Amino acid sequence: MMVMEMRSLVAALLVLILGHFTSALEVPLDLPQPPSITQQSPKDHIVDPRENIVIYCEAKGKPHPSFSWTKDGTHFDVNEDPSVTMRPNSGTLEVDITRARPENFEGVFQCTARNKYGAAVSNKIVVRQSKSPLWSKDKIKPIVVKEGVSLVLPCQPPAGLPPPIIFWMDNNFQKLPQSKRVSQSLNGDLYFSNVRREDSRSDYICYARFTHTQTIQQKQPITVKVLTMDEINDTMADYYNFTEMVLNEAPVDERKPTFLIPSGHSSSKMVLKGHVLEMECIAEGLPTPEVSWTKVSGDLPGSRTSFLHFNKTLQIVNVSESDAGDYRCSAKNQHGAAHHIISVVVKATPYWISGPPKNLVLAPGENGVLTCRANGIPKPSILWSINGDLIENSPKDISRKVEDDSIIFTQVRVESSAVYQCNISNPYGYLLSNAFVNVLSEPPRVLTPANKVYQVIENRPAFLECSSFGSPIPKIDWFKDRKSGILDGDDYILHDNGTLEIQVAQAQHKGKYTCVANNYLGISENHVYLDIKEPTRILKQPVDKVVQRGGSVLFQCIVKHDKDLHTTVTWLKDGEELLDDERFIVEFESLSITDISESDAGSYTCIVNNTLDHDSATAELSVVELTPPPAVVHGRPDPPTDLELTDHKKRSVQLTWIPGEEHNSPIQEFVIQYEDSLHRRGHWHDLARVPGTRTTAHLKLSPYVHYTFRVLARNAVGLSEPSSPSRMYKTDPAAPDQNPKGVHGSGTEHNNLVITWEPLTGLHSNGPGLRYKVSWRHKRPGTDWTTVTVANNSKFTVSGTPTFSPYEIKVQAVNDLGEGPEPAVVIGYSGEDLPTAAPANVQAVVLNSTLVELRWDPVPSHLIRGHIQGYKINYWRKHHKHNSDQMEQRILTFSGNQSRGMLPGLHPFSHYSFEVRVFNKKGDGPASKTQQFKTPEGEPGPPASLLVTNPSLDSLTLEWNPPREHNGHITGYTLRYQPAVSNRQVDIATQGWFIGLMCAIALLILILLIICFIQRNKGGKYPVKEKEDAHTDPEFQPMKDDDCTFVEYSDNEDHKPLKGSRTPSNGTVKREDSDDSLVDYGEGGDGQFNEDGSFIGQYSGKSSSRDNDEGPESAGAPSPLNAMNSLNSFV
């Protein structure tokens, strides 16, 4: 015993010492290495007898390994059975069941992958075909029971592989209602604590669903008849021969509980660590008993405990050793209680303590340790093998020593390379792990992509990676900028894997970092860059609001973020995305909601997010109203249940589900979502939508994705909660289907070419080990392609290129399964430099005093050394006043490859100088030789000022200053003037001519009234005398506006002498024959008379039609001149 302890202690010390010299390394695939198993089927491999059998075995190594199989411990020759094939470059077996019976391939299979450096073995894969046998079709006798007694309806499904899921339904495929009185046990039987009359029915049907074959088997319906004592006496004879009766003559009284299962006062149960523990207690009694659970020796594990089937089942998930002990279930009603003790024993299959053993990469002469540390209940045994054979049966090797769970290697040699198997087992299972020892000499290589840029938020930790490989293991050193010293300590922490950690990254840490890997065989270095970004913060948070129904609200979320980071602002309501509703108006820093309803109340969260940082703030919206809201009649549907996956294909699967309760609103559609737990765990994405009448969807899938599905139902009210997730469905990896998009090549320096592309997402990677094969070559005949492989980056820089040269570029996606399709070739250019030549033959052609056309010979493209952006004209004018040397320089740009351009807006009579230069994206080229031109004279500007001095009755003096812009030689001035109009006011009422005119008008009106009176007394129709020409007073003549003198004005239109109309402005009235009478001036066309025949109308205007023709002026009051014209028409 003492010797064993000493051995363990020595082994532990050796592990500690040698651990400093060894660590797990991933060997690049281009280096020699023993095989490693990368994929294998599960240990318990249940296959569908309707589909081809596939047993996976994939491995890697250099050289690529060969594969062989054993079945039930003996060699399995693949070539002997025509129904069995092995995939190329793989050990995966495929059995064509159309040419063989599936049961012939049940057994224990094990795969071996071998190359010249060793052999790796898979687990022992037990292949069994799933079974879903049929139920017996024997008719079951009806069951007659007395009301109040207990009853058990047995299900007893046929044994299947794997065991089926049991549930009870009726003839309409509706689940039978269950309660604390009626419930299903774990074995599928249906238990009644006491029966009631409503339990009578003829369609108690037990169903068994076999999940692997996706089939459902149905038992024959069971009829149950519950009778009272009176009914028993009446129907005893009828049921005696045709029923199974559970009757006695005594009435059923209320009683205390007793357990139907489990039986007795105590029982025991064994469960494996990490599994699910389920215990059940089902009691009968009247009234129905209540069941409760306690742990005798402690408390129940709250976070892992569930009470199912109306408290009759206690479930504990992820069982640990602490869950062992006694559990008490109690059943109580008002008449008493019953108790049962279940003793739980926890066992454990072997499990790793610190993970499986890791591969060792050693240089010749180095030391190392393989450790296989595991535990279990009971404690497992350890068995070591080498290349698939027990280690005690292999040739002795003085460089290795087995010490219990470790193998110690000292002074290894190249021939020590091998694969070691560690098999740990106990009665409940086993663990098998392969770990190789690879002895080789290899200089260092840095695996981290070159020139990688790390962006880190200020005051956050930064991690700069330096993944490397070499044998012996390289030593890693870090330097900043110009290698002023090794970075270690203070702000920096150097991790064992080569990563450099900056605990608090600040502005002074920004810059270029170099990691250097070296061993005695060589040295390798790599450059990365650290960029510090400003943190993202919400400066003004949204505040709580209380709004009336039908109103509107505005939430503000003012943010501050780094300008170089693409930042988005997302709004959530109650933790979920906003509904697609036009009432929600989302802008970058605000959310407004109009026509608010009660459903809009809740928490609104503003989330500011970019690739490096995020911030969030929440405000509450409360909706109030004056009147109580109407009662809710409809509701959202319940989530679907029982999600099942069928019709498994490589890139598709069929999903089925059972709809939930509709709540009085028909389901319109189902939304199917998926989660990819391999690439983005916790993120759900919409995958498909199907009409509400369907409960099945055929889903197209992508390779290398771990799918979990859920279904939501939508009706007119809204979206249901998500269903419980389906079981995980893993699609096989494949070579990429597509290549990166957005491939672009351009230079950041004059001697480099930066190739960039949009990386593929995890969903499009199609397999592990996604990387990119970047190829480029000079665009000229006979140039070969240069290719590098880039991983974890979307940029590669080619250094040492000639300035601005065209290159053909292509980027191809590659993963561990192969290459993507042949990529398209794009054209890119290396970096630009400043142009080296100026435009030649520069000249100016003067077109007028303000416009000049400039001409030049374009610069040859090879001298531009970049993409031409255009030409710049730098010109300036030499001033003549004050400072003859003052210059005013201006720049005019002509885009594109121009050879001429117009120079507008020049000053007349000026001397100009100008230069022309070409420019590209890098900058301006040299200027051409300075040229001059002179613009001709132009119109001078106005005098600077004009003053009037010494005014008198007949003269005045004018004084002015010369114009500010001469625009030539001033030869004289032109003076123009005109008389101003007098603005004197005259009291017209005091003028004699006006008084005489008014008297004449009054006399005429009096004469007119006398004539009208005479005509009225006579009656009849009288002609109107012809019009006479009238001469108007000169006061009515218009004046010319331009010289304020009187001029003659004429009007060519005919004058119509109607009442209220004006005479022509020349004061004349045209005389013409007319037979008009006073009827023409009445209200109607025929005229109107009194009973005595006198004329009714007055001389107050024409008929309405004539009034309309005359326009608005005819409605005005008559002037004295109009009155004279009216009188002339009667004379």
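Visitor: What volume does the second largest pocket have?

Guide: Please keep in mind that this is a predicted model. Rolling a probe the size of a water molecule over the atoms shows where empty space is left. In this case, the second largest pocket has a volume of about 1,800 Å³. Its lining consists of 45 residues, and the closest to the centre are Glu 576, Glu 577, Leu 578, Leu 579 and Leu 719.

Visitor: Which strand gives the most to the lining of the second largest pocket?

Guide: Strand 61 gives the most, with 6 residues. Several strands each supply at least two residues of this lining, among them strand 52 (568-573), strand 56 (602-609) and strand 61 (680-691). Sorted by class, the lining has 16 nonpolar, 13 polar and 16 charged residues.

Visitor: How many residues does the largest nonpolar core have?

Guide: In soluble globular proteins, nonpolar side chains tend to be buried together. Here the largest nonpolar core has 29 residues, and those with the most contacts inside it include Ile 53, Trp 69, Phe 76 and Phe 105. Among the strands that each supply at least two residues of this core are strand 3 (53-55), strand 5 (66-71) and strand 9 (107-115). The largest share, 3 residues, comes from strand 9.

Visitor: Which residues does Trp 69 touch, not counting residues up to four places away in sequence?

Guide: Leaving out residues up to four places away in sequence, Trp 69 touches Ile 55, Phe 76, Met 86, Leu 93 and Phe 109, among others. There is also a second, separate core of 21 residues, which includes Trp 135, Cys 206, Ala 208 and Val 224.

Visitor: Let us turn to the backbone. Where is Pro 262 placed?

Guide: Pro 262 is in the loop between strand 21 (255-261) and strand 22 (266-272). Another cis peptide bond runs from Ile 377 to Pro 378, with omega near 0°. Pro 378 lies in the loop between strand 32 (374-377) and strand 33 (381-386).

Visitor: Is Asn 89 buried or exposed?

Guide: Because a residue over 50% relative accessible area is called exposed, Asn 89 counts as exposed at 65%. The phi of Asn 89 is near 55°, a positive value in a residue other than glycine. Asp 595 likewise has a positive phi, near 50°, and counts as exposed at 51% relative accessibility.

Visitor: How many salt bridges does a search of the whole structure find?

Guide: The search finds 50 salt bridges. In one of them, the side chains of Asp 642 and Lys 175 meet at 3.7 Å, N to O. Asp 642 lies in strand 58 and Lys 175 in the loop between strand 14 and strand 15, so the pair ties together parts that are 467 residues apart in sequence. Asp 642 is partly exposed, with a relative accessible area of 29%, whereas Lys 175 is exposed, at 54%.

Visitor: Is Glu 853 buried or exposed?

Guide: Glu 853 counts as buried, at 8% relative accessibility. Glu 853 forms a salt bridge with Arg 900, and their closest N and O atoms are 3.1 Å apart. This pair links distant parts of the chain, with Glu 853 in strand 74 and Arg 900 in strand 77, 47 residues apart. Arg 900 is partly exposed, at 44%.

Conventions
Residues are numbered from 1 along each chain as its sequence is written. This is a predicted model: local features need pLDDT of at least 70, side-chain atom pairs count only at pLDDT 80 or more; totals for chains, interfaces and linings use all residues. Side-chain values use heavy atoms; hydrogens and water are left out. On a 1 Å grid over the protein atoms alone, a cavity is a set of points where a 1.4 Å probe fits but cannot get out, and a pocket is an open set with protein on both sides within 12 Å along at least five of seven lines; lining residues have an atom within 4 Å of a point. Grid points are joined across faces, edges and corners, and a volume is the space filled by probe spheres set on the points. Helices (H or I, at least four residues) and strands (E, at least two) are DSSP runs, numbered from the N terminus. Ala, Val, Leu, Ile, Met, Phe, Trp, Tyr, Cys and Pro count as nonpolar, Asp, Glu, Lys and Arg as charged, and the others, Gly among them, as polar. A nonpolar core is a set of buried Ala, Val, Leu, Ile, Met, Phe, Trp, Tyr and Cys residues joined through side-chain atoms within 4.5 Å. Buried means under 20% relative accessible area, exposed over 50%, partly exposed in between (1.4 Å probe, protein chains only). Contact means heavy atoms within 4.5 Å. A salt bridge is a side-chain nitrogen of Lys or Arg within 4 Å of a carboxyl oxygen of Asp or Glu.
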